[in-house]
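Grab a pencil and have a look at the chain below. Here are a few exercises, each with a worked solution.

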Amino acid sequence: MHRFSPNERGPGPLAGRRLIDFSQGVAGPSCAMLLADLGADVIKVEPPDGDWARGVGHQVAPGESSAHLSLNRNKRSICLDLKHPAGRAVAARLAARSDIVVQNFRPGVMERFGLGYDALAAANPRLVYASIYGFGEDGPLAGAPATDSTMQAFGGLMSINGDGDGPPLRMGNMVSDMLAGSYLCQGVLAALLTLAGTGRGQRVNVSLLDALVAFQAPPIMEFALTGIVPQRSGRQHPMIVPSGTYEVRDGYVTLVATQPLWRKFCAAIGQEALADDPRFATAQARLEHRAQLQDILVPFFAQRTQAEVLALSRRYDLVCAPINDYAALLAHGQVAANQLVSRWEHAVLGTLPGIRNPVRYGGIEAPWRPPPMRGEHTRQILSAELGMAGSEIDALVACAAVIEGGRCS
C-alpha cells in the first residue's frame, strides 16, 4: 500500500473552486469526492445527526462507518440544522461564496429550505447547481423514495442478473448510486467549461434511473431492436460465446473468446477442429449452439487448475482471469503497481486504507485527506469563510442552528 505525501502532488484543475455538498448517502457524496480529488474545496453540510451514511456498513467507531469513510475524503464538515432559519441562512451565505452546489434531496426539498437553484442563483449567477434525484424531477414517480436496491429492481438490472432458472439477483454494490455520482461529476465539469465561456452557471441534474438505464444501453438496445426480452444468463455472457465463468479444480475462471480469438481458443483447448465446425465457426452460430459447446468446454476446465488455465491463456494470448475475492484482489501485485490502495492518518481512528481516484493526470496527484468527523470544521468554516466572530458562532451553537464537532453525536 502506498502512503502519499503532500509533496507528490501538484495543484488540481479545480483548485480555487469551492463546492458546498448538501448530499448524503452514496451518490451525491461520491460526486463531491471526485471533484474534491480534482482540487475543489469541498464543504460537507451535515444535519445535526450527521450524514446517514455514517451508519451504513461496518462501524469502526461511533459515527464512522466503512461507507462514510469510502465516500468523503478531502472534505471539511460543518453541521447545520436546515430546519432552523439561522441554519438555512448560514447555508445560503456559504452558497453565495461558492462555485458549485451538490444536493440529492427529493424534488422540492431544497426549494422549501430556500436553497433551490433559483434562490441561490439570484445571489450567485455563476453557481453550478448539481442535483441527483431518484426517478427524476417530473413524472408519476418524481417524489417517490428511491434507493439503489429499489432502483436495481425498477430499472431492470436485476431482471438480467442471476441464473437462468433462478430468481433475479441484486448486484453486490450500490451500482446506480456510484454511476449517478460519476455522471454528475462529468456534468459539473462540463458546466464549469460553459461557465468559463458564458460567465453564467446552470443546473445539472442526474437521476438514479437515468444513470442505470444508460449503463444498460447494450442489452436495452438489443431488446428495442429485436423485441426479445433478455433472459438471465447466469455465469455466461448473454451476447458472446464462449464467454463466462467456468469451474476449475481449485476455484473459478472467467474467459472471453470473441470471433478474432476463436481459432486461438480452439488451439489452446486442443480442439482445433472446432474452429471450422459449422455449429461454432461464427459468433452467431455459437450463440445458437451454446449448449453443445458448453458440453465440450465444461469438462475441459473441470480437469484443470486455475494456474494451468492461466498458463494456457498467456501462451495463446487469450482473455482470461481468475475470479478473485477481495483478499486475493488486494494482495495481487497489479493492485500494488497501480497504487490503488493508499494509507491516510485519521485523527481518531489512526491509520486507515483508502481507495484512490481511478483517473490519473500528468503532474497531478489527488489529495489524500481523511473523511471529516461530523461537524469537525464547523467553527473553522464559520470563522474563516464567513468572517463570523466567536460570539456570533457561540450564539448559533447555543440555539442549535449549528453544531460543533464535539457536540455532534
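**Exercise 1.** Is alanine 180 buried or exposed? Keep in mind that this is a predicted model.

*Solution.* Start by finding the residue: alanine 180 sits in helix 7, which runs over residues 175–198. Next, check its relative accessible area, which is 0%. Buried means under 20%, so alanine 180 counts as buried. Now see what surrounds it. Leaving out residues up to four places away in sequence, alanine 180 touches Ala27, Ile132, Val206, Ser207, Leu208 and Ala211.

**Exercise 2.** Work out where threonine 245 is and whether to call it buried or exposed.

*Solution.* First, the location: threonine 245 belongs to strand 10, residues 243–248. Second, the number: its relative accessible area is 16%. The cut-off for buried is under 20%, so threonine 245 is buried. Third, the contacts: setting aside neighbours within four places in sequence, threonine 245 meets Arg235, Gln236, Tyr252, Val253, Thr254 and Ile323.

**Exercise 3.** Which residues of helix 3 are buried, and where do they sit around the axis?

*Solution.* Begin with the helix itself: helix 3 covers residues 85–96, 12 residues in total. From first C-alpha to last, helix 3 reaches 16 Å, close to the expected 16 Å at 1.5 Å a residue. Then list the buried ones: Gly87, Val90, Ala91, Leu94 and Ala95. These cover an arc of only 135° around the axis, so they lie on the same side of helix 3.

Notes. Residues are numbered from 1 along each chain as its sequence is written. This is a predicted model: local features need pLDDT of at least 70, side-chain atom pairs count only at pLDDT 80 or more; totals for chains, interfaces and linings use all residues. Side-chain values use heavy atoms; hydrogens and water are left out. Helices (H or I, at least four residues) and strands (E, at least two) are DSSP runs, numbered from the N terminus. Buried means under 20% relative accessible area, exposed over 50%, partly exposed in between (1.4 Å probe, protein chains only). Contact means heavy atoms within 4.5 Å. The expected span of a helix is 1.5 Å times one less than its number of residues. The arc is that of the directions from the helix axis to the C-beta atoms.
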